[in-house]
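Subject: Structure for you, with notes

Hello,

Here is the structure for your files. My notes follow below it.

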Amino acid sequence: MRIGIGLPAAVPDADSRLLGEWAAEAEAAGFASVGVIDRLVYDNLEPLTALAAAAARTSKVELLTTVLNVGWRNNAVLLAKQLASVDQLSGGRLTAGLGLGGWPEDFAASGASRDGLGTLWTATLETWRQVWAGKLSGAGGPMTQLPAERPGLLFGGLAPAAYRRAALHGQGWVAPLFGTSTLEQGANAVRTAWQEAGRIGRPRIVTGRYFALGADADSVAEEYIRHYYGDAFFDAARADTLTSPGQLHDHLTALRAAGATDVVLYPSSAKLHQVGLLAEAVSTAAAR
């Protein structure tokens, strides 16, 4: 199971100028990926911008979105170009985990409709294929510099159509950032859809968890989780937030058993020493 670390791009009051250093520290510590999550009406950095900053300070680590919300990004051509741009800047290291988005205020602020989202997926994916294949032309001719086969795509969602989409159009599925039973059920469904689609090998099953380590870890985690999720989802998210090396070991073991191939651990604190604390805890967990 590959272990990644989230960038502190959605941690309130984080010094955004240190994001590149965080990514460099993560790569040096041996993490497989650096990840971002996505909101519109929230004090976070725009995810693809954050990954571009991370790309500038790294050379090997995978750049991962878990997930980037397509439902309220209203221009499929622009988004295709943004994804391809980050992929090019990073030398082909972007894997875009994609979802529709679930926060009503994000749709309201963007003016996007929450109706017809299944149809939106179909149209968006076809537009991306056209863009990345160089089939759009302007005064300078066709756009031929965008990669035809990249970036890698993963799909989120908990409906049968989402599992089929992951199997037909992507490298696999992104599970929610809490709920181990949800992960296990979804992983089984995606593997079944993968086989039915005649795909070779096995799908990637990507999930994430929040963490805080060191002094005051529990209070730091609780403050962040409540700020991000509010009261409605606090209990479920906090229950799966990791605040000790022992808890980390047990939870990673459970996630592996539930079918995860990749886990991205998202920080509740933007303090740079969290990278080292997590690297040490992951190393200890692997040795147990």
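A contact here means heavy atoms within 4.5 Å. By that rule, residues 24 or more positions apart account for 74% of the contacts in the chain with a separation of 6 or more.

Some ground rules. This is a predicted model, in which local features need pLDDT of at least 70 and side-chain atom pairs count only at pLDDT 80 or more, while totals for chains, interfaces and linings use all residues. Residues are numbered from 1 along each chain as its sequence is written, and side-chain values use heavy atoms, with hydrogens and water left out.

**Overall build**

The chain holds 10 helices and 10 strands. Both are DSSP runs numbered from the N terminus: helices are H or I with at least four residues, strands are E with at least two. The radius of gyration is 18 Å, close to the 19 Å that the globule rule gives for 288 residues, so the chain is as compact as a globular protein of that length. That radius is taken over C-alpha atoms, and the globule rule is 2.2 Å times the number of residues to the power 0.38. Along the principal axes, the C-alpha atoms fill a box of roughly 60 × 40 × 35 Å.

Of the 288 residues, 50% are buried. Buried means under 20% relative accessible area, exposed means over 50%, and partly exposed is in between (1.4 Å probe, protein chains only). The accessible surface of the chain is about 12800 Å², and 52% of that belongs to carbon and sulfur atoms. The areas come from the Shrake-Rupley method with a 1.4 Å probe; for residues, only the protein chains shown count as cover.

**The barrel**

Eight strands close into a barrel: 8 strands in the order β1-β2-β3-β4-β7-β8-β9-β10, with parallel pairing. Neighbouring strands of this sheet are turned by 30° against each other on average, direction ignored. Two strands pair if DSSP finds at least two bridges between them. Angles run from 0 to 180 degrees between N-to-C directions, and axes are lines fitted to C-alpha atoms, for helices over the stretch in contact.

Now the individual pairs. β3 and β4 run parallel and share 5 bridges. Leu64 has Thr95 as its bridge partner in β4. Strand β7 (residues 152-156) is joined to β8 (residues 172-174) by 3 bridges, again parallel. There, Gly156 stands opposite Val174 in β8. Helix α6 (residues 160-169) packs on the sheet and touches β7 and β8; its direction makes about 170° with that of β7.

Helix α2 (residues 47-56) lies across β2 (33-36), β3 (62-69) and β4 (94-99). It runs at about 175° to β3.

How many residues of β4 are buried? The count is 6 of the 6, so β4 is largely enclosed by the rest of the structure. Leu94, Ala96 and Leu98 are buried on one side, and Thr95, Gly97 and Gly99 on the other.

Strand β10 (residues 262-267) is mostly covered too, with 6 of its 6 residues buried. One face has Asp262, Val264 and Tyr266; the other has Val263, Leu265 and Pro267. β10 runs parallel to β1, with 4 bridges, and pairs with β9 in the parallel sense over 6 bridges. Val263 is the bridge partner of Ile3. Val263 is also the bridge partner of Thr207.

**Thr207**

Thr207 sits in strand β9. It is buried, with a relative accessible area of 1%. Its side chain makes a polar contact with the side chain of Arg209 (3.3 Å). A polar contact is a pair of N or O atoms within 3.5 Å; within protein, one must be able to donate a hydrogen and the other to accept it, and residues adjacent in sequence count only if both atoms are side-chain atoms. Leaving out residues up to four places away in sequence, Thr207 touches several residues, among them Ala175, Leu183, Leu255 and Val264.

**Backbone points to check on screen**

The peptide bond from Thr66 to Val67 is cis, with omega near 10°. Val67 is in strand β3.

Asp13 is not a glycine, yet has a positive phi of about 65°. Asp13 lies in the loop between β1 (2-6) and α1 (19-28) and is exposed, at 83% relative accessibility. Asp216 also has a positive phi, near 60°. Its loop connects β9 (204-211) and α8 (217-239). Asp216 counts as exposed at 57% relative accessibility.

Best wishes
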